[in-house]
Amino acid sequence: MKKLLKIVLTIFMAMALAIQLPVNLVSLVSAEDEETNDFELVCTQTTLYLGSSPDFGYVYINTEIDDYDEDYVLSKEGIITQPEYLDDALRFEAISEGTVTITAIVTVDDEVVFEDSVEITVVNYLDVIADNSIEDPNNSDCYFVYDVLSEEDKTIEITEYYNSEEDSCPVTIKIPSTINGYTVVSIGEGSFIGYGDAWTITIPDTVTNIGYWAFIDCYSSTTITVPASVTSMADEVFGCPMLNVYSNSYALQYAIDKNIDYTIIDDDSDNNDAEKTEKTFYIDCNGIHASASYSLSELLTADELNSDSYIEFILSVADANDTVTDEEMAIIESKLGEYIGIQYLDIDLTKNVDGVLSDITSTSGKISVIVDIPDTLIETVGDTSGKYVVVRLHDGVVEILEDLDNDDDKVTFATDKFSTYAIAFVETTVTTSSTDDTTTTTNSESTTSTVSNVQTSDESQLVAYTLLGGIALLGIYCTRKKKYN
């Protein structure tokens with residue numbers, strides 16, 4: 001029994017010693033050091049680049065203590081903006097070249113318990129990229145920034161497209177095939193972020209790789225030409241632009257796999273060939289899908305056809321449900337009569353001649369336009385029997401255009417005017433008749449569209465069965481009445 005008691009006592013003393021051990025270790029740290037370690041001045045960026053649109057830095061106190069007051073003091077003004085409090089940190093922005101010191105002072109119960117400083121340096125970004133960039137010959141104040149991939153092979157990767165004029169965006173960007181004796185073989189990660197307002201971007205046929213998010217800001221208004229030389233692209237490269245690609249190319253299969261709209265451009269002949277017909281696909285990222293086909297000979301002037309200018313047309317199809325005016329709605333709906341659902345659209349055409357844009361409201365020849373019926377309209381219509389019609393309102397004149405296809409999911413129409421449109425669903429057929437320039441609705445009494453109530457064969461059979469059923473019930477009633485009498 002005594003032996004057992006001795007063993008238990010030994011175990012108990014060992015446990016007590018184990019519990020006490022951390023306390024002894026902590027006591028080795030002085031009270032002064034422990035207090036100092038409770039605060040830390042953190043700066044996310046000690047070097048800011050002036051002109052690198054815009055370059056922000058943050059400073060903050062890192063601590064687990066709840067009740068304290070901090071104060072930040074600048075040694076100079078005019079180098080960075082006066083820091084503003086944002087999300088538990090101070091944010092500052094470069095405004096001129098130079099060096100500035102930010103000092104943080106922490107007080108607890110009116111006693112200074114921590115003080116530390118950080119030095120911020122602001123440099124001109126053009127000086128930073130001077131040795132590995134070249135100015136875009138087509139866009140002043142814009143620069144292609146690159147990294148050398150191989151000195152032996154003389155190959156480089158475009159890492160950034162830098163625009164020193166932050167408030168403007170170039171319309172046309174043509175990436176060079178060579179820079180300072182080096183061949184451009186790759187477009188780097190995020191290199192063209194922020195250039196979604198560009199209309200066209202052309203990649204040279206020396207490029208074989210395009211990196212992650214290289215053109216992620218490029219949407220429906222941007223056309224990007226991807227050469228057949230590209231054999232590798234990251235999983236996410238584009239926003240939702242239009243791609244110009246080549247048959248049997250890696251880019252074509254990529255566009256198909258990623259559901260990106262594209263144009264196949266195998267014809268390397270002169271852009272101004274009068275017989276050339278282009279077909280371009282467009283997508284609006286809010287859900288309106290459309291495509292168009294046209295002949296350049298019908299849309300260009302004789303001088304434009306014979307010039308060496310780069311010329312393209314951009315068709316924009318946008319949801320106008322929230323922008324159409326009450327007056328426009330009243331005009332369109334008075335032409336339609338009764339309808340089940342309607343989708344208003346803004347259809348605009350823009351011509352790009354060497355980067356100079358002009359809005360086109362009408363053309364000498366007609367453009368064939370295909371618009372997918374929006375899902376919201378399809379859901380509104382449901383299983384109702386009827387058809388979709390296209391309504392155009394241009395210069396105060398409203399017309400119903402003929403749907404040239406038999407597809408339930410889209411409408412096809414030819415037009416030479418670009419303004420406000422509507423796709424509407426009507427329960428009965430709206431008859432259209434073609435004129436030289438427009439298609440309008442007619443009936444035997446006037447040219448105003450009407451909704452006719454014509455009984456189909458199924459409806460006639462239903463009426464007949466109803467009458468027979470009524471006669472049968474009447475016969476039963478008469479028989480029973482006679483029996484009771």
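## Exercises on a predicted model

By the distance rule (a disulfide is a pair of cysteine sulfur atoms within 2.5 Å), the count comes to 0 disulfides. The model is predicted: local features need pLDDT of at least 70, side-chain atom pairs count only at pLDDT 80 or more, and totals for chains, interfaces and linings use all residues. Residues are numbered from 1 along each chain as its sequence is written, and side-chain values use heavy atoms, with hydrogens and water left out.

**Exercise 1.** Classify Cys43 and Cys142 by accessibility.

*Solution.* Buried means under 20% relative accessible area, exposed over 50%, and partly exposed in between (1.4 Å probe, protein chains only). Cys43 has 22%, so Cys43 is partly exposed. Cys142 has 3%, so Cys142 is buried.

**Exercise 2.** Trace how β7 pairs with β4 and with β8.

*Solution.* Strands are DSSP runs of E, at least two residues, numbered from the N terminus; two strands pair if DSSP finds at least two bridges between them. Step one: β4 (residues 69-74) and β7 (residues 98-108) are antiparallel over 6 bridges, and Glu70 has Val106 in β7 as bridge partner. Step two: β7 and β8 (residues 111-124) are antiparallel over 11 bridges, with Thr107 partnered by Val112 in β8. Step three: β7 and β8 form a hairpin with 2 residues between them, where Asp109 in the turn has a positive phi of about 55°.

**Exercise 3.** Which strands stand at the edges of the open sheet of 5 strands?

*Solution.* Write the order: β12-β15-β17-β19-β20, with parallel pairing. β12 (172-174) and β20 (262-264) each have a single partner strand, so these two stand at the edges.

Technical notes: Helix = DSSP H or I, 4+ residues; strand = E, 2+ residues; numbered from the N terminus.
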